[in-house]
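Here's a quick tour of some side-chain contacts and a few backbone details. Have the viewer open and click along as you read.

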Amino acid sequence: MNMSQENGVHQSMEQGEACWWFVFSEDRLLISTDVDGTSSPAIPFIPDIGALNVTVIRKEYLGNLKGSPAFSVEREMGTSEPGGMEFLTLRQILVVMDKETFNMAGRAYHIVNWARNNQYCGQCGSRTERETDEPAMTCSECRLTFFPR
């Protein structure tokens with residue numbers, strides 16, 4: 001077992017443990033599509049984000065979902081989605097996803113937007129830095145701190 005730190009939050013993970021990956025491209029979430037007609041769309045549940053072949057801009061630990069770690073990921077624009085997957089809005093997946101997973105998808109969406117929209121201080125315009133001990137961004141100049149709501 002190893003201890004991993006993802007943007008201020010420690011979690012205990014087994015090597016190679018599968019994680020939930022809430023990957024966003026703007027306001028759309030990456031989900032596996034129903035290729036054979038027998039399963040409903042699902043969030044990627046794999047050990048390594050690298051298997052999805054997406055370029056990660058930022059990654060945030062969200063907590064656990066169904067006993068496994070969950071992460072929100074913002075991917076770089078201009079890269080194609082992995083085979084058998086597509087980007088859909090949260091509204092499009094509302095009726096096909098269980099409540100617990102959908103609620104985590106909403107939190108992931110919020111965290112991705114919070115991290116993207118608070119790269120610069122709203123008070124002085126300087127660059128913010130990610131805190132290592134809590135989910136927060138702090139201005140490098142005036143020390144104003146921004147938390148997810």
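What follows goes through the model topic by topic.

## Ground rules

This is a predicted model, so to speak plainly about cut-offs: local features need pLDDT of at least 70, side-chain atom pairs count only at pLDDT 80 or more, and totals for chains, interfaces and linings use all residues. Residues are numbered from 1 along each chain as its sequence is written, and side-chain values use heavy atoms, with hydrogens and water left out.

## Aromatic pairs

How many aromatic pairs does a search of the whole structure find? The count is 4, where rings of Phe, Tyr and Trp (its six-membered ring) pair if their centres lie within 6.5 Å, with planes under 30 degrees apart called stacked, over 60 edge-to-face and the rest tilted. One of them is the stacked pair of Trp21 and Phe71, with 4.8 Å centre to centre and 15° between the planes. Trp21 sits in strand β3 (residues 19-25) and Phe71 in strand β7 (residues 68-75), so this pair links distant parts of the chain, 50 residues apart; helices (H or I, at least four residues) and strands (E, at least two) are DSSP runs numbered from the N terminus. Trp21 counts as buried at 3% relative accessibility, and Phe71 does too at 2%. For those labels, buried means under 20% relative accessible area, exposed over 50%, and partly exposed in between (1.4 Å probe, protein chains only).

Next comes Phe24 with Tyr109, a tilted pair at 5.7 Å centre to centre and 55° between the planes. Phe24 lies in strand β3 and Tyr109 in helix α2 (residues 99-117), so the pair ties together parts that are 85 residues apart in sequence. Phe24 is buried, with a relative accessible area of 1%, whereas Tyr109 is partly exposed at 30%.

## Around Phe71

Lys59 lies over the face of Phe71, at 5.4 Å from the ring centre. The rule for a charge over a ring is NZ of Lys or CZ of Arg within 6 Å of the ring centre and within 35 degrees of the ring normal.

## Salt bridges

Side chains of opposite charge can pair when their charged atoms come close. Taking a salt bridge as a side-chain nitrogen of Lys or Arg within 4 Å of a carboxyl oxygen of Asp or Glu, the count comes to 4. In one of them, Glu74 meets Arg58, the closest N and O atoms being 2.1 Å apart. Glu74 lies in strand β7 and Arg58 in strand β6 (residues 56-65), so parts 16 residues apart in sequence are tied together. Are Glu74 and Arg58 buried or exposed? Both are buried. Arg58, Glu74 and Arg116 are also linked in a network of salt bridges.

Glu60 and Arg130 meet in another salt bridge (2.7 Å, N to O). That pair links distant parts of the chain, with Glu60 in strand β6 and Arg130 in strand β9, 70 residues apart. Glu60 counts as buried at 6% relative accessibility. Then there's Lys66 with Asp98 (3.0 Å, N to O). Lys66 lies in the loop between β6 and β7 and Asp98 in the loop between α1 and α2, so this bridge ties together parts 32 residues apart in sequence. Lys66 is partly exposed at 42%, and Asp98 is partly exposed at 35%.

## A three-stranded sheet

An open sheet of 3 strands runs in the order β9-β10-β11, with antiparallel pairing. Its edge strands are β9 (128-130) and β11 (145-146), each pairing on one side only. Two strands pair here if DSSP finds at least two bridges between them. β9 and strand β10 (residues 137-139) pair over 3 bridges, and Glu129 stands opposite Thr138 in β10.

## Loops with positive phi

Phi of Glu26 is near 55°, a positive value. Glu26 is found in the loop between β3 and β4 (28-32), and is exposed, with a relative accessible area of 52%. Phi of Arg143 is near 70°, also positive. Arg143 is in the loop between β10 and β11 and counts as partly exposed at 47% relative accessibility.
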